[in-house]
Amino acid sequence: MVRLDENEISFPDPELYDGHEGVVAFGGDLSVERIWFAYQLGIFPWYNPGEEILWWCPDPRFVLLPEELKVSKSMRKVLNRKVFIFSENKNFREVIRNCQKANRKGQSGTWLSDELMNTFIQLHEYGLAKSIEVWQDEELVGGFYGLQIGNVFCGESMFAKVSNASKAGFIHFVENNKNNIELIDCQSHTEHLESLGAKMIPKKEFLKILHENNERG
């Protein structure tokens, strides 16, 4: 594993470097510049607050191809009944705050520190991060956020206060962006996203798609 210099924004090439269980580096900081650079390389931070920052590029990578989205009959009924209303970038701060507070199965705390949350808020203000909100009776009941790199959307975290809210929001987002999003990076496996069609692909294949999008941008 490579230790990062806080005074220099650089990372080992994730295509050439196979770290322990997907960790390619540690240390550094959570500045806007470093986070944005990391995601362009296919690297993301994931660590316990109070501990050293770990930078990941797992192999294989968990992704969703929009054309492979799976929508169950029960979810289609929920969407057709218009139980929820959806918006984009209407309340990024509340979405990320709710993601920070959300209880995760098998986790006692949150990986989303205040510092990292503030960095993503700044990225949103620069037009690089976006949120999807899910509303019910004018109340924010679900949503998710991530970074947009060309035609690749790097999903970060989601939350739901009522049943099916985050799933409905995700389906709505994918179905409405099939023409301008080539791939959604889900980072780590969850049964929730696997049920919607997400799958593992080789890291090399993921990085190829990501780099092609960087060149177009």
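**Aromatic contacts, overall form and loops**

Phe144 and Phe153 are both buried. Before I go on, note that this is a predicted model.

Let me stay with Phe144. At 3% relative accessibility, Phe144 falls under the 20% cut-off, so Phe144 is counted as buried. A search through the whole structure gives 10 aromatic pairs. One of them joins Phe144 and Phe153, with 6.2 Å from centre to centre and 75 degrees between the planes, an edge-to-face arrangement.

Phe144 also pairs with Phe173. What kind of pair do Phe144 and Phe173 make? The ring centres are 5.5 Å apart and the planes are at 80 degrees; an angle over 60 counts as edge-to-face, so that is what this pair is. In general, two things describe a pair of aromatic rings: how far apart the centres are, and the angle of the planes.

Where do the two partners sit in the chain? Phe144 belongs to strand β8, residues 139-149, and Phe173 belongs to helix α5, residues 165-175. They are 29 residues apart, and the pair links distant parts of the chain. Phe173 has 2% relative accessibility, so Phe173 is buried.

Two other aromatic items belong here. Tyr39, Phe92, Phe120 and Tyr145 make up one aromatic cluster. Lys90 lies over the face of Trp135, 5.2 Å from the ring centre.

Now the chain as a whole. It contains 7 helices and 11 strands. The radius of gyration is 17 Å, close to the 17 Å that the globule rule gives for 217 residues, so the chain is as compact as a globular protein of that length. The C-alpha trace spans about 50 × 35 × 35 Å along its principal axes.

How much of the chain is buried? Of the 217 residues, 50% are buried. The accessible surface of the chain is about 11200 Å², and carbon and sulfur atoms account for 46% of that. As for contacts between residues at least 6 apart in sequence, 69% of them join residues at least 24 apart.

Next, the loops, starting with the one between β4 (54-56) and β5 (61-64), where Pro60 lies. The peptide bond from Asp59 to Pro60 is cis, and its omega is near 5 degrees.

Pro58 is 144 residues from Pro202 in sequence, yet the C-alpha atoms of Pro58 and Pro202 are 9.1 Å apart in space.

For Lys82, phi is near 55 degrees. Lys82 is in the loop between α2 (73-80) and β6 (85-88). With a relative accessible area of 67%, Lys82 is over the 50% cut-off and therefore exposed.

For Asn164, phi is about 75 degrees. Asn164 is in the loop between β9 (152-160) and α5. Is Asn164 exposed or partly exposed? Its relative accessible area is 31%, so Asn164 is partly exposed.

That is where I will stop.

How values were computed: Residues numbered from 1 in each chain as written. Predicted model: local features only at pLDDT ≥ 70, side-chain atom pairs only at ≥ 80, totals over all residues. Heavy atoms only, no water. Phe/Tyr/Trp six-rings, centres within 6.5 Å; stacked < 30°, edge-to-face > 60°. Buried < 20%, exposed > 50% of the residue type's maximum accessible area, 1.4 Å probe, protein only. Helix = DSSP H or I, 4+ residues; strand = E, 2+ residues; numbered from the N terminus. Lys NZ or Arg CZ within 6 Å of the ring centre and 35° of its normal. Rg over C-alpha atoms; globule rule 2.2 N^0.38 Å. Contact = heavy atoms within 4.5 Å. Areas by Shrake-Rupley, 256 points an atom, 1.4 Å probe, with all protein chains shown as cover.
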